[in-house]
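Let's take a walk through a protein together.

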Amino acid sequence: MSFPEIRLRRLRRSRAVRDLVRETSLEPRQLVLPLFVREGIDEPVAIGSMPGVAQHSIDSLRAAAVEAAEAGVGGVMLFGVPAVRDAIGSGADDPRGILNVATEALAAEVGDALVVQTDLCLDEFTDHGHCGVLAENGPSTGSGRATVDNDATLERYASMALAQARAGSHLLGLSGMMDGQVAVVRAALDAGGFTDTLLLGYAAKYASAFYGPFREAVDSQLTGDRRSYQLDPGNRREGVREAVVDEAEGADIVMVKPAMAFLDVLREVRDTVSVPVWAYQVSGEYAMIEAAAANGWIDRRAAVQESLLSIRRAGADAVLTYWATEAARWLRD
């Protein structure tokens with residue numbers, strides 16, 4: 001046995017030594033909890049494909065956010081599920097729309113304890129389920145891939161951004177993947193006096209099979225797919241280029257989504273940009289581990305912790321995960 005091999009064995013022998021020389025750590029503050037709030041309900045509604053996750057009422061949303069704050073979670077990301085939808089997602093920038101009302105409630109309840117974040121995208125609010133306004137001369141959602149009017153969508157995003165900032169959101173998650181979205185929203189916020197509102201640019205958001213359970217969670221009206229504006233899963237370099245563009249346009253943080261199937265992209269983005277890089281452990285990743293654990297095929301807690309650690313090891317400064325509160329408790333205990 002060589003001397004380097006002997007040294008490595010010595011480093012692994014003691015748990016105290018292993019902990020001391022561990023290269024990657026996971027802390028509660030590095031976790032962000034996605035939360036769904038649904039208009040018109042008085043009690044939480046369970047999401048069948050995501051065991052343990054629910055669509056919240058305003059009251060249960062407050063309780064879940066307080067629970068997350070007490071566990072030491074770093075932030076919450078809010079998604080709204082409106083009762084009424086239309087072609088342009090009018091509820092998204094309505095001050096009394098469900099997402100903005102919920103943001104006001106959480107900013108008042110836990111705004112000093114964690115970062116209140118909001119999803120800035122139209123898909124939950126449109127009757128066609130796409131992330132933007134559809135072009136009048138594009139194909140219908142029922143007959144193929146829809147054509148999204150990028151510039152018309154940016155106007156809606158700017159209006160949404162102002163509504164969310166007024167409601168008290170600390171950070172806006174620009175998840176729609178429209179060209180120029182970071183620059184347009186940053187300009188709108190600055191002109192409106194919200195210079196301190198942060199922007200999370202979903203830079204490398206791929207057209208993924210792992211989003212399926214999320215569409216149940218937000219009652220998505222989507223027919224077809226979003227491949228005309230989300231990234232091709234085969235393109236690593238494109239994801240890195242998108243992150244560079246978002247950083248140049250003023251993003252305070254950039255996102256890679258999904259996380260586990262794109263750890264190579266996450267690593268390269270982290271090595272390329274100078275702003276913080278986050279990753280989203282999406283609904284399909286959550287559902288797979290929960291299903292395997294429910295069948296007794298894997299150790300649930302060990303698999304959850306290993307999955308989160310792998311995302312951190314690949315370069316994520318923070319992770320959006322539906323296990324945020326539970327994992328934070330494990331880490332603190």
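A nonpolar core is a set of buried Ala, Val, Leu, Ile, Met, Phe, Trp, Tyr and Cys residues joined through side-chain atoms within 4.5 Å. Buried means under 20% relative accessible area, exposed means over 50%, and partly exposed lies in between (1.4 Å probe, protein chains only). This is a predicted model, where local features need pLDDT of at least 70 and side-chain atom pairs count only at pLDDT 80 or more, while totals for chains, interfaces and linings use all residues. Residues are numbered from 1 along each chain as its sequence is written, and side-chain values use heavy atoms, leaving out hydrogens and water.

Start in the largest nonpolar core, which has 99 residues. Phe36, Tyr157, Val254, Val269, Trp278 and Tyr280 touch the most other members. Beyond its neighbours within four places in sequence, Phe36 is in contact (heavy atoms within 4.5 Å) with residues including Ile47, Leu61, Phe79, Phe214 and Tyr322.

Next, find helix α6, residues 181–191. Helices (H or I, at least four residues) and strands (E, at least two) are DSSP runs, numbered from the N terminus. The buried residues of α6 are Gln181, Val182, Val185, Arg186, Ala188 and Leu189. Seen down the helix axis, they fall within an arc of 165° (taken from the directions from the axis to the C-beta atoms), so they line one face of α6. Among the elements covering them are α5 and β7.

Finally, visit Phe210, in the loop between β7 and α7. Is Phe210 buried, exposed or partly exposed? At 28% relative accessibility, Phe210 counts as partly exposed. Pro258 is 48 residues away in sequence, yet 7.4 Å away in space, C-alpha to C-alpha.
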